[in-house]
Amino acid sequence: MSRAGDDDRGAVRDGFVAQLSERADPRPLPVPSERERLRTAFSRFPTGVCVVTFEADGVKRGITVNSFTSVSFDPALLLVSIQRSASSHDLVIDRPFAVNVLGSSQERVAWSFAGRPNDVPVWVEGERAPRLAGVLAWFECTPWAAYDGGDHTLVLGEIQSFRSRRGDPLGFNGARFTEISETVLGREHLV
């Protein structure tokens, strides 16, 4: 003998069991595109994080990059790779600029120039280009050359002045920010 409501509870239970069965079926993972697989492969190489700063039309601007390398001592040259789709790409080409190497405590500074603006960055007036306060190293550069790099432009700058201090750099590894510790001091000691 069944009571009123037993049928309803049975229907709910059957629906629940049906949902569990559906969820238990393994869903195939989406197949990554060739571009996604290449991005993942590139992300296995840890890098530091820099912000390229410059002034255009009286406005101080910056672009967060992790493609930065020294090129030459004589003359003193460096290279940054700027994505063509970056909103400031066309503005930085052929202008004096500064490369600011970020410390591990400056993740919010990196985000500020990577599409998530915030009020954290503090500007410093440079001789040729504006710079950022509190960085581990900075290089003020004049344009040397720019080369086609596919969907990026490879920008070489001639270093006109620079400074550095000790501390732990902000790193980028596996598509995430991380800390790269100095072997002697450990965590960054900001002055």
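Student: Which residue stands opposite R176 of strand 12?

Tutor: N173 stands opposite R176. Keep in mind that this is a predicted model.

Student: How do you know that strand 11 and strand 12 pair?

Tutor: Count the bridges. Two strands pair if there are at least two bridges between them. Four bridges join strand 11 to strand 12. Therefore they pair. The two strands run antiparallel.

Student: What makes strand 1 and strand 11 a pair?

Tutor: The cut-off is at least two bridges. Strand 1 and strand 11 have two bridges, so they meet it. Their sense is antiparallel. In one of these bridges, T47 has F172 in strand 11 as its partner.

Student: In what order do the three strands lie in the open sheet?

Tutor: The order is 1-11-12, with antiparallel pairing.

Student: Why are strand 1 and strand 12 called edge strands?

Tutor: Look at their sides. Strand 1 (47–48) and strand 12 (176–179) each pair on one side only. That is what puts them at the edge.

Student: What stands out in the hairpin of strand 11 and strand 12?

Tutor: Two residues lie between the strands, and G174 takes a positive phi near 60°.

Student: Where is P169 found?

Tutor: P169 sits in the loop that links strand 10 (152–164) with strand 11 (170–173).

Student: Why is P169 called partly exposed?

Tutor: Its relative accessible area is 22%. Buried means under 20%, and exposed means over 50%. The value for P169 falls in between, so P169 is partly exposed.

Student: Which residues is P169 in contact with, leaving aside its neighbours within four places in sequence?

Tutor: Among them are L102, G103, S104 and L136. T178, E179 and I180 are also in contact with P169. Contact here needs heavy atoms within 4.5 Å.

Student: How far apart are P169 and A137?

Tutor: They are 32 residues apart in sequence. In space, the C-alpha to C-alpha distance is 9.6 Å.

Student: What makes up the largest nonpolar core?

Tutor: This core has 20 residues. Those with the most contacts inside it are V52, I82, V92, F97, V99 and F139. Elements giving two or more residues include strand 2 (50–56), strand 5 (76–83) and strand 9 (137–149). Strand 2 gives the most, with four residues.

Student: Which residues does F139 touch, not counting those up to four places away in sequence?

Tutor: Its contacts include F68, L78, F97, V99 and I159.

Student: Which residues does the second core include?

Tutor: L102, A110, L132 and L170 are among its 11 residues, and this core is separate.

Methods: Residues numbered from 1 in each chain as written. Predicted model: local features only at pLDDT ≥ 70, side-chain atom pairs only at ≥ 80, totals over all residues. Heavy atoms only, no water. Buried < 20%, exposed > 50% of the residue type's maximum accessible area, 1.4 Å probe, protein only. Core = buried A, V, L, I, M, F, W, Y, C linked by side-chain atoms within 4.5 Å.
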